[in-house]
Structures are given as C-alpha cells and as structure tokens.
Amino acid sequence: AKKDRSQIRQKAMISEHYSRLARAPETGEKSVYTFVPGNLTELVRSFDLLPVLPEINALQSAMRGKSRDYIATAEKLGHSEDVCTYVKCDIGMMKSGNVGPTGERLPDPDLLLLSYTGCFTFMKWFELLKQEYDCPVVMLHVPYQGGGEVTPSMRDYVVKQLRSDVIPALERVSGRRYDEARLSEMLARSARAEDDLVTVLQSARSRPSPIDAYFGGMYIGPIFTAFRGTDDAVEYYRLLREEVEERMAKGLGPVTPDGEIGEERFRIVVEGPPNWTSFRQFWKMFADEGAVVVASTYTKVGGVYDTGFRHDPSRPLESLAEYCMGCYTNLNLPSRVDLLERYIREYDADGLLVNSIKSCNSFSAGQLMMLREVERRTGRPAGFIESDLVDPRYFSAANIKNRLESYFQMIAQRRAGGAA
C-alpha cells in the first residue's frame with residue numbers, strides 16, 4: 001500500500017533513533033532500557049539519556065522474520081515454552097549479538113529502569129537482563145488499580161519513589177542534575193501530541209472510519225516509545241491528524257495491505273495485542289471481509305488518553321505518576337469491561353473480538369469473563385481467536401480464518417434477523 005507522509009516520517013524517526021543508539025559507544029551518549037506501559041520517556045530524555053524498549057525490539061524482530069530463531073536460542077538456554085515470547089525473543093536477540101531492527105548493534109544499557117505496571121513478567125525479565133549486563137537497576141513500583149481508581153495516597157507513593165529512587169539514579173548515570181523546568185517543557189509537548197492522537201482515535205466514530213484502530217495502530221509508536229516529549233512527536237501527530245481529517249472529509253476508509261478497503265461491512269472492537277509474525281496476513285483476513293477495527297485495547301497499553309488523561313506540565317511528577325497508574329494493563333477487570341462497553345457503544349461497533357495471546361498473561365487473564373460480560377451488557381456478539389505475540393508456532397492461519405469467517409457470518413445473520 002502507498003505510505004502516507006506520516007508513515008514515512010515515523011519510519012525515518014525510528015531509523016534515526018536506532019542509528020543514534022548504534023553510535024552511542026562512539027558519541028558517549030548513554031541509554032536506559034525500560035518498558036512501554038508506564039514509561040518515563042520525558043523524564044529519561046530530560047537527562048539527555050536515550051530510551052530503549054525491549055518489547056519494541058521484539059515485535060520489530062517478529063515483523064522481520066527473526067523471532068523464530070531468537071526464541072529457539074532462548075529455549076536452548078533453558079527458557080520454557082510458556083514464558084512470554086517477548087522475553088525469549090529479547091534474550092535470543094541479545095545472545096545473538098543484540099542487533100536491532102535496523103541491522104545495527106544496540107548499546108549495552110547504562111541503566112535498567114523497571115516501571116512495574118501490571119505485568120509481573122517485567123520483573124523477571126529485568127532480573128535476567130541484570131545477569132547479563134553490568135549496570136545499575138532501579139525499580140518504580142506502580143500500585144495496581146484494584147479498586148478501580150487512582151487515590152492521592154497511591155499518587156504520592158509513586159512521586160516519592162520518583163524523587164528518592166528514580167531521579168537520583170538518572171542523575172548518577174547521566175552526570176546531570178534534575179531540571180524540573182525542562183521536564184515540564186517536555187510534558188507540555190507530550191500533551192499537544194496527545195490531543196492530536198485522541199482526535200485521530202476518535203475519528204473512528206465516523207462512518208466509514210478513516211482509520212483501523214488495531215492494525216493501523218502503528219501510529220501509537222512515537223507516543224508510546226522513545227519520542228514522547230519531543231518536537232518530532234508533536235510534528236508527527238500534527239501531520240497524522242491532518243491526514244486523517246482529510247480522509248474523513250473525503251469519506252475514505254482506512255488503508256489496508258492491498259490499498260483502500262472499499263466497503264466497510266463490519267465495525268468491531270478488539271481486545272488483546274495483535275500477532276506480529278504474520279501481521280500482514282492477519283490484517284488481510286479482516287480487510288478481505290470488509291471488517292474495520294474502530295477501537296482496541298492494545299493501543300492503550302502505553303496510555304489511555306481518550307478517557308481524558310493528559311500529561312500536565314504544572315504538576316510534572318504527579319502527572320507522571322498518574323500516567324503510570326492509568327495504563328491499560330494496570331486497570332482492574334471491571335474497569336476494562338467498562339472501557340470495552342464504552343467503545344462498543346460510542347463507536348457503534350457490531351461486536352467485540354478477543355485475540356487471546358498464549359504467552360501474555362497480563363492481557364489473557366480474565367478475557368473470557370470480560371467477553372461474556374460485554375456481550376451481556378451490549379447485546380452484541382463476541383468472538384474469540386487465539387495466537388501469540390512473536391512466536392510463529394502459535395499462529396494457525398486456517399484456524400483463525402475459520403473463526404473470523406464464522407464470527408462475521410454471525411454478525412450478518414443477526415443483522416438480517418433484526419431487519420426481519
């Protein structure tokens with residue numbers, strides 16, 4: 001498919017970031033390995049440190065056909081088949097020379113920054129990395145939203161850790177003092193980019209939707225990873241918003257792997273991450289049926305901005321704390337159900353589809369309960385498929401295609417019955 005200007009810009013941004021990382025041993029720039037949910041990108045960058053996100057490396061490896069060998073390498077070292085495949089892909093990549101998505105070697109971390117947001121695997125992952133790298137580790141413990149809300153005491157607990165643990169660690173690694181004014185400037189840029197992102201997400205309320213909020217969700221890349229708080233992110237989301245608004249004005253649907261989608265036959269909400277090893281084939285199964293994902297939970301793992309949150313430069317550390325606690329994987333199951341119900345109603349979706357990921361417990365736990373509850377509340381049909389993040393052994397194209405065809409047929413039959 002023809003790439004939009006925003007896609008070309010994002011590719012250039014990511015390529016330059018990885019090249020900058022590859023040059024780090026010569027330039028003296030230092031890097032911080034961290035995770036997507038609850039990441040502290042603005043704080044890290046305020047110290048002129050470069051963020052590296054292992055999950056992104058893993059999914060990029062999968063899309064380039066390298067994850068199978070990396071996972072095999074990790075399993076030969078004793079890692080179980082049941083371990084998160086992001087972890088095994090990352091470990092395998094590291095053991096194979098730590099060559100990143102652009103074919104250049106990534107630098108060893110100068111700091112491992114663990115922001116624990118609802119996924120226990122993150123802790124074990126960094127324990128494994130600590131065994132390999134001679135660098136300090138700092139952990140930010142983020143309270144789980146067990147009660148469905150962020151309380152003042154929870155926020156204060158995170159802010160205290162930022163002040164007493166995280167910021168001093170960043171100061172030691174960078175040799176720079178904490179500059180709150182600089183952090184606030186970055187958070188202001190984040191908020192501008194977040195405004196444009198939400199406009200893009202909510203464009204899917206239109207008929208036809210100008211975006212696919214799951215397969216086309218690659219637009220979340222800059223804001224979820226290394227670019228939040230930068231001028232690049234502001235410009236990228238401004239450009240993306242303009243393109244999406246232009247598509248909406250022309251009545252165009254989303255671009256698919258084969259070009260324009262044509263007729264929008266089904267509008268669905270998807271729970272769970274996509275499969276990255278067969279991403280294009282997976283996407284085509286939906287596009288061939290005229291199915292558009294108008295909202296998804298995967299595109300909220302790095303922040304649920306469309307419920308109103310924005311980074312607040314007037315309260316920098318408090319805002320970072322609230323962001324960490326508000327990521328999708330840190331929401332309890334009732335809150336996730338509420339969000340899915342809201343998406344189905346606000347985006348006038350035909351139903352909910354769950355893609356259950358074999359090796360991702362933080363997403364998969366409770367999904368059947370969520371499916372049944374959303375179906376009960378909305379009266380709209382739900383479907384269930386299974387795959388994995390980056391392990392090609394757990395992507396059965398025939399099985400998934402059959403289930404998807406049955407699901408879309410069920411929606412069509414219900415429509416016909418209602419019309420009758």
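**Exercise 1. List the residues that line the largest cavity and sort the lining by class.**

Step 1. The lining consists of Tyr33, Asn57, Asp90, Met93, Met94, Asn98, Leu129 and Tyr133. A cavity here is a set of points, on a 1 Å grid over the protein atoms alone, where a 1.4 Å probe fits but cannot get out; lining residues have an atom within 4 Å of a point. The model is predicted: local features need pLDDT of at least 70 and side-chain atom pairs pLDDT 80 or more, while totals for chains, interfaces and linings use all residues. Residues are numbered from 1 along each chain as its sequence is written, and side-chain values use heavy atoms, without hydrogens and water.

Step 2. Five lining residues are nonpolar, two polar and one charged.

Step 3. Helices (H or I, at least four residues) and strands (E, at least two) are DSSP runs, numbered from the N terminus.

**Exercise 2. Give the strand order of the open sheet and find its edges.**

Step 1. The order is S8-S7-S9-S10, with parallel pairing; two strands pair if DSSP finds at least two bridges between them.

Step 2. Strands S8 (291-296) and S10 (382-387) are the edges, each pairing on one side only.

Step 3. Within the sheet, S7 (residues 266-271) and S9 (residues 351-357) pair in the parallel sense over four bridges. Ile268 stands opposite Gly351 in S9.

Notes:
1 Å grid on protein atoms, 1.4 Å probe; cavity = no way out; pocket = protein on both sides within 12 Å on 5 of 7 lines; lining within 4 Å. Nonpolar A, V, L, I, M, F, W, Y, C, P; charged D, E, K, R; others polar.
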